[in-house]
Amino acid sequence: MLKFVDPEDWPRPAGWTAVGLVGRLALAYDPERRPYLIGAGEPRPLDPAAVNAALYPAIEAAALRLWPGGWAVPLSDVFGIDRRAVTPSRITKKGLHPQVLRALGSLAEGDDADSRGYLLVALARYVDRYSWPRQGLECSIEDVRRDVDACMASLLDARRRGPVFPSRRTEADED
């Protein structure tokens with residue numbers, strides 16, 4: 001299962017990425033993207049082909065929580081992955097990058113995962129169109145935060161007022 005794996009509960013060597021759980025052990029990747037089980041003694045190496053094939057149902061489940069109407073295109077757009085690389089046969093054969101697996105697991109948790117999925121798509125499109133690659137993604141993060149904060153403040157301000165229906169307008173609405 002893809003999910004957030006707390007480093008305090010499953011310690012791992014520096015540079016390793018934990019992406020989920022297999023029973024009571026954590027699935028983690030070393031910096032060379034080789035999979036291991038960690039959590040009981042020394043890390044145990046796993047066969048990458050077997051892990052890729054076994055992870056597909058977990059990838060699909062997490063992605064469907066984020067994008068219930070279809071996940072291949074949003075997954076590709078959000079994480080900047082070639083669309084051919086997110087087909088079931090390709091994922092089963094080649095897998096996904098450990099950072100993408102970790103993000104999927106963390107973001108798909110909770111009852112509001114599908115709302116988070118819409119937000120991810122919107123943010124990815126915004127960043128791709130207006131920030132990246134002109135300034136570089138890391139340099140753009142403050143601009144994106146500022147714009148997201150401004151949009152959220154405007155949305156909240158407008159929603160506090162409630163809907164205005166033509167039949168219920170008051171003099172205050174005319175201002």
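Is Asp 112 buried, partly exposed or exposed? Keep that in mind as you look at the structure above, which is a predicted model. Asp 112 turns out to be partly exposed, because its relative accessible area is 40%, and the label "partly exposed" covers values between the 20% limit for buried and the 50% limit for exposed.

Asp 112 also has a partner. Its side chain meets that of Arg 116 in a salt bridge, with 2.5 Å from N to O. Arg 116 counts as partly exposed as well, at 24% relative accessibility. Side chains of opposite charge can pair when their charged atoms come close. A search of the whole structure turns up 10 salt bridges, so let's visit a few others.

Head over to helix α6, which covers residues 137-161. Here Asp 143 forms a salt bridge with Arg 146, and their closest N and O atoms are 3.0 Å apart. Why is the spacing between these two along the helix worth a look? Asp 143 and Arg 146 are 3 residues apart in α6, so about one helical turn separates them. Arg 146 also forms a salt bridge with Asp 147, this time with the closest N and O atoms 3.3 Å apart. As for how open these residues are, Asp 143 is partly exposed at 25%, Arg 146 is partly exposed at 48%, and Asp 147 is partly exposed at 22%. Elsewhere in the chain, Asp 30, Glu 32 and Arg 34 are linked in a network of salt bridges.

Together with Met 152 and Leu 155, Leu 156 makes a nonpolar surface patch of about 250 Å².

Now for the rings. The whole structure contains 2 aromatic pairs. One of them joins Trp 16 and Tyr 36 in a tilted arrangement, 4.7 Å from centre to centre and with 40° between the planes. Trp 16 lies in the segment before β1 (17-22) and Tyr 36 in strand β3 (residues 35-38), so this pair ties together parts that are 20 residues apart in sequence. Both Trp 16 and Tyr 36 are buried.

Tyr 56 and Trp 71 form another tilted pair, with 6.3 Å between the centres and 50° between the planes. This pair links distant parts of the chain: Tyr 56 is in helix α1 (residues 48-66), while Trp 71 is in the loop between α1 and α2 (72-79), 15 residues apart. Tyr 56 is buried, with a relative accessible area of 14%, and Trp 71 counts as buried at 9%.

How far apart are the end C-alpha atoms of α1? They are 26 Å apart, which agrees with the 27 Å that its 19 residues should span at 1.5 Å a residue. Leu 55 is one of the buried residues of α1, and others among them are Val 51, Asn 52, Ala 58, Ile 59 and Leu 66.

Methods: Residues are numbered from 1 along each chain as its sequence is written. This is a predicted model: local features need pLDDT of at least 70, side-chain atom pairs count only at pLDDT 80 or more; totals for chains, interfaces and linings use all residues. Side-chain values use heavy atoms; hydrogens and water are left out. Patches are made of residues with over 30% relative accessible area and no salt bridge: like charges are joined within 9 Å, nonpolar side chains (Val, Leu, Ile, Met, Phe, Trp, Tyr) within 5 Å. Accessible areas come from the Shrake-Rupley method with a 1.4 Å probe; for residues, only the protein chains shown count as cover. A salt bridge is a side-chain nitrogen of Lys or Arg within 4 Å of a carboxyl oxygen of Asp or Glu. Helices (H or I, at least four residues) and strands (E, at least two) are DSSP runs, numbered from the N terminus. Rings of Phe, Tyr and Trp (its six-membered ring) pair if their centres lie within 6.5 Å; planes under 30 degrees apart count as stacked, over 60 as edge-to-face and the rest as tilted. Buried means under 20% relative accessible area, exposed over 50%, partly exposed in between (1.4 Å probe, protein chains only). The expected span of a helix is 1.5 Å times one less than its number of residues.
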